[in-house]
Amino acid sequence: MTKINPYIFNIDLEDFDDQVLQASFKTPVLVDFWADWCSPCIAIAPVLSRVVESFEGQVVLAKLEVDEGHNMKLAGQYLVRGFPTIILFKDGKELDRFSSARPAQFIQHFIQQHI
């Protein structure tokens, strides 16, 4: 895990269980399944970061680059069919998801309805 700031960090297959599933019992965790070749992934990244930061720790963001190492296994396990796909985990389970680039207002509403 590499921290970008207190609320945003990079993860991979090896730390997914601890940093997402187990951590989601304390704080909801958004997981951004993304790829560096994906234009919508690049477009949503700064918007997603700003929105998560505005919640000041009520939710955190784990960024999972699907093309690194064995991370594609997680994309398959969670039936991710397009990128970006953002999945919200709470209490160790998937709570909800959305795909493609979305505006800040959509993301804020998505988070607010679940925390």
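## Basis of the description

Two strands are taken to pair if DSSP finds at least two bridges between them, and helices (H or I, at least four residues) and strands (E, at least two) are DSSP runs, numbered from the N terminus. The structure is a predicted model, in which local features need pLDDT of at least 70 and side-chain atom pairs count only at pLDDT 80 or more, whereas totals for chains, interfaces and linings use all residues. Residues are numbered from 1 along each chain as its sequence is written, and side-chain values use heavy atoms, with hydrogens and water left out.

## The sheet and its pairings

Six strands form an open sheet with mixed pairing, in the order S1-S2-S4-S3-S5-S6. Strand S1 (2–5) and strand S6 (93–99) are the edge strands, each pairing on one side only. From one strand to the next the twist averages 25°, where axes are lines fitted to C-alpha atoms (for helices over the stretch in contact) and angles run from 0 to 180 degrees between N-to-C directions.

The hairpin of S5 and S6 has two residues between the strands, and in it Asp91 takes a positive phi near 55°.

## Helices against the sheet

Helix H2 lies across S1, strand S2 (8–10), S3, S4, S5 and S6, and runs at about 160° to S4. Helix H4 (residues 104–112) also packs on the sheet, where H4 touches S3, S5 and S6 and makes an angle of about 165° with the direction of S6.

## Nonpolar cores

A nonpolar core is a set of buried Ala, Val, Leu, Ile, Met, Phe, Trp, Tyr and Cys residues joined through side-chain atoms within 4.5 Å; buried means under 20% relative accessible area, exposed over 50% and partly exposed in between, with a 1.4 Å probe and protein chains only. The largest nonpolar core has 23 residues, of which Ile11, Phe16, Val20, Val31, Phe33, Tyr78 and Phe89 touch the most other members. Helix H1 (16–22), S3, strand S4 (60–65), H3 and S5 are the elements that give two or more residues to this core, and S3 supplies the largest share, four residues.

Beyond residues up to four places away in sequence, Tyr78 touches Phe16, Leu21, Phe33, Ile87, Phe89, Glu94 and Arg97, contact meaning heavy atoms within 4.5 Å. A second, separate core has 16 residues, among them Ile8, Leu61, Leu88 and Phe110.

## Aromatic pairs and charges over rings

Rings of Phe, Tyr and Trp (its six-membered ring) pair if their centres lie within 6.5 Å, and planes under 30 degrees apart count as stacked, over 60 as edge-to-face and the rest as tilted. This rule gives six aromatic pairs. Trp37 and Phe83 form an edge-to-face pair, because their ring centres are 6.0 Å apart and their planes stand at 85°. This pair links distant parts of the chain, 46 residues apart, with Trp37 in the loop between strand S3 (29–34) and helix H2 (39–54) and Phe83 in the loop between helix H3 (72–77) and strand S5 (85–90). Trp37 is exposed, at 55% relative accessibility.

The rings of Phe98 and Phe106, with centres 5.1 Å apart and planes at 80°, are also edge-to-face; Phe98 is buried at 4%, while Phe106 is partly exposed at 30%. Ring pairs also link Phe16, Tyr78 and Phe89 into a cluster.

## A buried aspartate

Asp32 belongs to strand S3 and counts as buried, with 0% relative accessibility. Apart from residues up to four places away in sequence, Asp32 touches Leu48, Leu61, Ala62, Lys63, Leu64, Pro84, Thr85 and Ile86.
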